[in-house]
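I opened this structure and kept a notebook as I went from one spot to the next. Here are my entries in the order I made them.

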Amino acid sequence: MEGDLLRDNPLLLPLDRHRTLYDGFITVQERDFRVRILLPPDRQLKSAKLTCCFQLRHLLRGHQHVVKQEVCLKSRPECRAIPPPQYYAQLISEMEALGWDKLLFIDDQFRTLKLNAQDSSGRQHVLTISLKSQHPAEAPEFSADLPIPLLLSWTPQTKLDQLHSRFLLVLESLTEFWDVLAEMDTQTWILEPEKPSYSDTVRRIAIANNVSIRVDVDPRHPKMLPECCLLGAEHVVTPLRNKLNANMHLWNPDCSVLHNLRDVLEIEFPSPATHEKSSFSVECGICYSYRLGTAIPDQVCNDPRCGQPFHQDCLYEWLRVLPASRQSFNIVFGECPYCGKPITVKMAAAKS
């Protein structure tokens, strides 16, 4: 408890090596008074003895119970962060100014608030405000489901409606990014992620059975050429990769990513209007399931007569126990479990 005493009263100094006797100054009504505090053997502040001058004793007359209560509260870590009543009154006043319809959640300790916000396209977003200590001067933490770090300027004078307005500006800066992804989500079959969130920048789009393209869109430049990776059997992927490299100069930043991919690859993507998603959800040839956790079959036998897909983990575990397989660095060489033709797989990256 003596550490609490020094932290809360930095003008006190210990006078003995056992740290049971302290001497220093405290300020009362803008005046400094000399005090001496003697801690009992158990070092509990509630049983401490205070020695002071008669002027301070006169000021404290009739308030001894308040002083004792304050000392006890300061000695309890769970009570130090309790803000004054004005804090709650101010928070309620700010919520009234913002509008109670914007408040989605507030915990019983007033430490966490969740505010609703809607961008210009009608998407609903949630801004979470976490107070570190409930003290008005402490900078809160902000979080939201966004593809970029959420950086909101804040000062102790910042109001909730100002934070909400700044959050809306961040959402508007990302509207075009979400529009680009929404077009993909509605006009193509998305293989991954299964349930996209606002923070996801990647889409894996089905092109044909066991053939897809992984597109990683830049949130700050959503219509520029994204990172693309074609996945599938080499005899199918190679012609598409050649078209992508040859027609890259045709990319038009004024058009959407999906429109450009159609022009550059010279294909039409299967859509919900023309195809069933089940035709692209081919099960793994080893575990006989489509999803293995969050992974889908993305390793395909390159023999045109086979083309069986496998999960990366399944194929790696299958090949590494076969006597005929060999490994070079992180690549395992072996035979396809279905047709016996040569097949390779990279060792799965270690998950952190």
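Predicted model: local features only at pLDDT ≥ 70, side-chain atom pairs only at ≥ 80, totals over all residues.

**Entry: Ser271.** I began with Ser271 and looked up what it touches. Leaving out residues up to four places away in sequence, I found Gln187, Thr188 and Trp189. Ser271 sits in the loop between helix H9 (257–265) and E13. Is Ser271 buried or exposed? Its relative accessibility is 14%, so I put it down as buried.

**Entry: Lys243.** Next I went to Lys243, which has its place in helix H8 (residues 234–246). I asked myself how far apart Lys243 and Leu265 are in space. The C-alpha atoms are 5.6 Å apart, although 22 residues separate the two in sequence. Setting aside residues up to four places away in sequence, Lys243 touches Val264, Leu265 and Glu266. With 30% relative accessibility, Lys243 counts as partly exposed.

**Entry: Ser212.** This serine lies in strand E11 (residues 211–216). I noted a relative accessible area of 2% for Ser212, which means it is buried. Which side chain does the side chain of Ser212 make a polar contact with? I found the side chain of Arg204, at 2.8 Å. Arg204 is also among the residues in contact with Ser212 once neighbours within four places in sequence are left aside; the others are Leu191, Ile205, Ala206, Ile207, Cys229, Leu230 and Leu231.

**Entry: salt bridges.** I wrote up several of them.

- Asp119 and Arg123 meet through their side chains, at 3.6 Å from N to O. Asp119 is buried, at 3% relative accessibility. Arg123 is buried too, with a relative accessible area of 14%.
- Glu234 forms a salt bridge with Arg241, and their closest N and O atoms are 3.5 Å apart. Here Glu234 is partly exposed, with a relative accessible area of 35%, and Arg241 is partly exposed at 30%.
- Arg320 forms a salt bridge with Glu317, where the closest N and O atoms are 2.8 Å apart. The two are three residues apart in helix H10, so about one helical turn separates them. Arg320 is partly exposed at 47% relative accessibility, and Glu317 is partly exposed at 40%.
- I also found Asp23, Arg34 and Arg36 linked in a network of salt bridges.

**Entry: helix H10.** That last pair made me look at the rest of H10. Which residues of helix H10 (residues 312–320) are buried? I listed Cys314, Leu315, Tyr316 and Leu319. What do the buried residues of H10 pack against? My list has strand E13 (299–300), strand E14 (309–310), strand E15 (326–328), strand E16 (331–335) and strand E17 (342–346).

**Entry: nonpolar cores.** The largest nonpolar core has 46 residues, and I looked for the members that touch the most others: Ile129, Met184, Ile213 and Phe269. There is a second, separate core of eleven residues, and it includes Phe310, Leu319, Val332 and Val345.

I then picked Ile129 and looked up its contacts. Not counting residues up to four places away in sequence, Ile129 touches Arg111, Thr112, Leu113, Leu115, Pro140, Glu141, Phe142, Leu160 and Leu163.

**Entry: a four-stranded sheet.** My last stop was an open sheet of four strands, in the order E5-E6-E7-E8, with antiparallel pairing. Which are its edge strands? They are strand E5 (103–106) and strand E8 (141–143), each pairing on one side only. On average, neighbouring strands in this sheet are turned by 20 degrees against each other, direction ignored.

How many bridges join strand E7 (residues 124–130) to E8? I counted three, and E7 and E8 run antiparallel. Thr128 stands opposite Ser143 in E8.

I finished with helix H5 (residues 85–98), which lies across E5 and strand E6 (112–118). I noted that H5 runs at about 10 degrees to E6.

How values were computed
Residues numbered from 1 in each chain as written. Heavy atoms only, no water. Buried < 20%, exposed > 50% of the residue type's maximum accessible area, 1.4 Å probe, protein only. Contact = heavy atoms within 4.5 Å. Salt bridge = Lys/Arg side-chain N within 4 Å of Asp/Glu carboxyl O. Core = buried A, V, L, I, M, F, W, Y, C linked by side-chain atoms within 4.5 Å. Pairing = 2+ DSSP bridges. Axes fitted to C-alpha atoms, helices over the stretch in contact; angles between N-to-C directions. Polar contact = N/O pair within 3.5 Å; in protein donor to acceptor, adjacent residues only side chain to side chain.
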